Amino acid sequence: MMLVIIGMAIVTMVPRVLPAFVVDRWTFPDWVSRWLNAIPYAALGALIFPGITTVIEGKPHIGLLAGGVAIALAFFRAHTIVTVLAAIGTVYILTII
């Protein structure tokens, strides 16, 4: 049983640890680097968007408007705290109206 656990640990660790040592030695073309740099933003969007549409049950427009406010402020490079507080304030105001 212990061998199975050790084997599973090794199989899980290799794909996570190996790229940390190998990727630094590779030189990627510019288009690959740009594509790899976009992955965190795409993953973040995939995690956030469902929450935006369900912030108030049955009223997805409230979350979408707050998300739009956050996108607009981020586009104009507002501070992150300002962007988050503005989105929260938008949801609050639209909820009490």
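I began with the order of elements: from the N terminus the chain runs α-α-α-α. The tally is four helices and zero strands; helices (H or I, at least four residues) and strands (E, at least two) are DSSP runs, numbered from the N terminus.

I noted the source next. This is a predicted model, where local features need pLDDT of at least 70, side-chain atom pairs count only at pLDDT 80 or more, and totals for chains, interfaces and linings use all residues. Residues are numbered from 1 along each chain as its sequence is written, and side-chain values use heavy atoms, with hydrogens and water left out.

I looked up the overall dimensions. The C-alpha trace spans about 60 × 40 × 20 Å along its principal axes. The radius of gyration is 21 Å, while a compact globule of 97 residues would have one near 13 Å (taken over C-alpha atoms; the globule rule is 2.2 Å times the number of residues to the power 0.38).

I then checked the surface. The chain exposes about 8,200 Å², and carbon and sulfur atoms supply 76% of it (Shrake-Rupley method, 1.4 Å probe). Of the 97 residues, 10% count as buried (under 20% relative accessible area, 1.4 Å probe, protein chains only).

I looked for the largest nonpolar core and found five residues: Ile62, Ala66, Ala70, Ala87 and Val91 (a set of buried Ala, Val, Leu, Ile, Met, Phe, Trp, Tyr and Cys residues joined through side-chain atoms within 4.5 Å). Two or more residues each come from α3 (60–75) and α4 (80–96); α3 gives the most, with three.

Last, I listed the contacts of Ala66 (heavy atoms within 4.5 Å). Leaving out residues up to four places away in sequence, Ala66 touches Ala87, Thr90 and Val91.

Note on methods. Buried means under 20% relative accessible area, exposed over 50%, partly exposed in between (1.4 Å probe, protein chains only).
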